[in-house]
Protein chains: 2
Amino acid sequence: MELFYLERTDPGLDSVEFRGAEARHIARVLRHRVGDRIWATDGLGTELELELKTVAPDRVAGLVKSRRTRPREPRCLLTLAQGVLKGNGLSRVVEGATQVGVAGIILLNTQRTVGRVSDRKRSRLGKVAVEAMKVSTRTVAPVVSGPISIGELEGRIAEYELALIAYEEEKKTGLDGFLYRTPSSVLVIVGPEGGFEPAEVVRLRQAGARPFSMGPRRLRADTAGIVASAMLLQMTGDLGPDRRNML
Amino acid sequence: MELFYLERTDPGLDSVEFRGAEARHIARVLRHRVGDRIWATDGLGTELELELKTVAPDRVAGLVKSRRTRPREPRCLLTLAQGVLKGNGLSRVVEGATQVGVAGIILLNTQRTVGRVSDRKRSRLGKVAVEAMKVSTRTVAPVVSGPISIGELEGRIAEYELALIAYEEEKKTGLDGFLYRTPSSVLVIVGPEGGFEPAEVVRLRQAGARPFSMGPRRLRADTAGIVASAMLLQMTGDLGPDRRNML
C-alpha cells in the first residue's frame, strides 16, 4: 500500500486534488492511470480511498470512494519528550519514532543539551515526520513541538495517564513495573547525549513522572528515543497483530 | 563508565598496553593520569579493571586489578539476520542493534536485496560494531558475518532454540505467541527494503523459522532490524533491571 499526502480532506469533499511533488510522484514515478485506486491521508487521522479521474504531472485529481479514521494507529497515545540532540540525531529520532507509532514529539532543552532548534529546523523535522508517516502507512504525522524547558514539561505531566523517564541511574524498576494495565496516554521522557542531571530527574519525579531502566547497557540518546517508544508500544500491545477487529 | 578497547586480554596477563587511537584518547582527550582506574574490553566478553602505570599519547599501560566475564550482557543470545540494505542502512542497523544487545549479525542476500557488501564494507561494519560496543559499555562486539543466501540461512536455523521472521504479511501472530518461556538463543530474520518474497518466507518456515507481526504500521528495514531486536530482548527481560544478582 502506498499512501499519499493531502493538505485538505474536509468531511464534505467528494473529490480532491494533488499538486506539486505528490502529483509528479503519482503520475511520473508510479505511473498511475485514470481509474486506479490510491490512498491518501492528511496526517491528521483521515484516510481517503480515491479513484483517479485526472492524472497529469502537475495535477492529479480523484473521487473520494471511502473514508476511514485513524486506521492502523496504536490504541495508546504515546508522546515522546526527547532531549535536543546535535547533528542528525533529532531527525533520526523523529523518523524512527514516527514509524514505530508515537502520537507526538516534544523537544526538550535540558542542562546537558548541546545544540539548539531553530524554527527552520523544527519545521524540517515536521517534514521528516510526514515522510516517515507515509513510509509507515500511518494516517497521523506526529506534531513536533518545542523545544520547551524541564519546567514547562513539569507543568504538562498531569495531562498524561502515565509519565515515565528513561533513566540510566534507575537500576530497580523496569517498564513492566508500570504497565500492569494499558494506559490510554503515556509520556516517555528521554534525555539528550549525556543524559539528565539528577536534579532534573528529581523535579520530573516530583511532578509525577517515574523513572525506569532500559537495561544495563547504555543506549545512545537517538537510539534510546526510538527503543523506548518501541518498548512502550510493545507493552501496550501496539506492536503486534491488530486485535481490535477480533474483539 | 568509559570502556576502552584492547586487542588482547589473555588470562595470564597482569598488565596490558594501549597504542594508537585508544592511547591518544586516554592520554590526550580524557587526560587520565598514572594511578587512575579505567576499564577495558576485548570485545569477546572480557572486562578488565586497570590501574594506569604509564600515560603517554603513544602508549598507555595499566596493571590488571580485576577481571570479569560478560558483565551487562543479555542472557538471551540474540542473532539478527538482516537483509542487505543500500547506503548507510546497514551501518545504522549494526550501530543500533549492538547498543540494544545483539550477540551477532548475519548479513543476508535476498531476492529483493539492492546493493552488495564488499569485504571492505563488512570490515567497516565490524568497526561500527566495536564503536557501538564501547558507547553502550558492552564487552561483546557482535561479529558481523555474511552476506549469505536464504539457502545458507535455512541450514543454520536449527542452531537456534527459536527462529523468527519479521514479516509484514503475518497478521495473526505476534512475538508474544512464542515467548511464553525464555529461549537461550534466538535468531530474528529481517528483510531488506521491500521485504521478503513470499517464496522465501515459505522456505524459511519449512526450515523451522516462524513469522511474526510487528504491527499494522510498516517499519523501514533499518528501523525494523533495531526494533525487532529491542522487542525480542524486552520480552526475554534483557531491557530492564539486571535481576541476575538478585536471585
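Biologist: Which residues does Gln234(B) touch, not counting residues up to four places away in sequence?

Modeller: In this predicted model, Gln234(B) touches Leu175(A), Met231(A), Gln234(A), Met235(A) and Leu239(B), with residues up to four places away left out. A contact requires heavy atoms within 4.5 Å. Gln234(B) is part of helix H6 (residues 221–235) of chain B.

Biologist: Why does Gln234(B) count as buried?

Modeller: The relative accessibility of Gln234(B) is 13%. Buried means under 20%, so Gln234(B) is classed as buried.

Biologist: How do you know how much area is buried between chain A and chain B?

Modeller: The size of an interface is often given as the accessible area lost when the parts come together. For chain A and chain B the buried area is about 3,300 Å², summed over both. Carbon and sulfur atoms give 50% of that area. On the chain A side, Arg217(A), Arg218(A) and Gln234(A) lose the most area to chain B, together 24% of what that side buries. In terms of contacts, 42 residues of chain A meet 42 residues of chain B.

Biologist: What scores does the model carry?

Modeller: The ipTM is 0.95 and the pTM is 0.96. Chain A has an average pLDDT of 95, and 98% of the residues score at least 70.

Biologist: Where does Ser213(A) lie, and what makes Ser213(A) buried?

Modeller: Ser213(A) is in the loop between strand E11 (210–212) and helix H6 (221–235) of chain A. Its relative accessibility is 3%, and the limit for buried is under 20%, so Ser213(A) counts as buried. Leaving aside neighbours within four places in sequence, Ser213(A) has contacts that include Tyr167(A) and Glu170(A) in chain A, and Leu239(B), Gly240(B) and Pro241(B) in chain B.

Biologist: What does the side chain of Ser213(A) reach?

Modeller: The side chain of Ser213(A) reaches the backbone nitrogen of Gly215(A) at 2.9 Å. The cut-off for a polar contact is within 3.5 Å.

Biologist: Why is the pair Phe4(A) and Phe18(A) edge-to-face?

Modeller: There are two aromatic pairs over all chains. For Phe4(A) and Phe18(A), the ring centres are 6.2 Å apart and the planes are at 75°. Ring centres must lie within 6.5 Å, and planes over 60 degrees apart count as edge-to-face, so this pair is edge-to-face. Phe4(A) is in strand E1 (residues 3–5) and Phe18(A) in strand E2 (residues 15–18) of chain A, so the pair links parts of the chain 14 residues apart. Both Phe4(A) and Phe18(A) are buried.

Biologist: What are the values for Phe4(B) and Phe18(B)?

Modeller: Phe4(B) and Phe18(B) have 6.2 Å centre to centre and 75° between the planes, and the pair is edge-to-face. Phe4(B) belongs to strand E1 (residues 3–5) and Phe18(B) to strand E2 (residues 15–18) of chain B, so parts 14 residues apart in sequence are tied together. Phe4(B) and Phe18(B) are buried.

Biologist: How is chain A divided into domains?

Modeller: Chain A has domain 1 (3–69) and domain 2 (77–235), with C-alpha centres 33 Å apart. The area buried between domain 1 and domain 2 of chain A is about 650 Å², and carbon and sulfur atoms give 62% of it. In domain 1, Leu3(A), Tyr5(A) and Gly43(A) lose the most area to domain 2, together 63% of what that side buries.

Biologist: Why is Thr41(A) called buried, and which residues does Thr41(A) touch?

Modeller: Thr41(A) has 0% relative accessibility, and buried means under 20%, so Thr41(A) is buried. Thr41(A) lies in strand E3 (residues 37–41) of chain A. Not counting residues up to four places away in sequence, Thr41(A) touches, among others, Leu3(A), Tyr5(A), Met133(A) and Thr139(A). A polar atom of the Thr41(A) side chain lies 3.2 Å from the backbone oxygen of Thr139(A).

Biologist: What is the phi of Arg70(B), and why is Arg70(B) partly exposed?

Modeller: Arg70(B) is not a glycine, although its phi is positive, about 55°. Its relative accessibility is 34%; buried is under 20% and exposed over 50%, so Arg70(B) counts as partly exposed.

Biologist: What makes Arg31(B) exposed?

Modeller: The relative accessible area of Arg31(B) is 65%, and exposed means over 50%, so Arg31(B) is exposed. Phi of Arg31(B) is near 50°.

Note on methods: Residues numbered from 1 in each chain as written. Chains lettered and ligands numbered in written order. Predicted model: local features only at pLDDT ≥ 70, side-chain atom pairs only at ≥ 80, totals over all residues. Heavy atoms only, no water. Helix = DSSP H or I, 4+ residues; strand = E, 2+ residues; numbered from the N terminus. Buried < 20%, exposed > 50% of the residue type's maximum accessible area, 1.4 Å probe, protein only. Polar contact = N/O pair within 3.5 Å; in protein donor to acceptor, adjacent residues only side chain to side chain. Phe/Tyr/Trp six-rings, centres within 6.5 Å; stacked < 30°, edge-to-face > 60°. pLDDT = per-residue confidence, 0-100. Domains from an automatic or database assignment. Buried area = accessible area lost by both parts, 1.4 Å probe.
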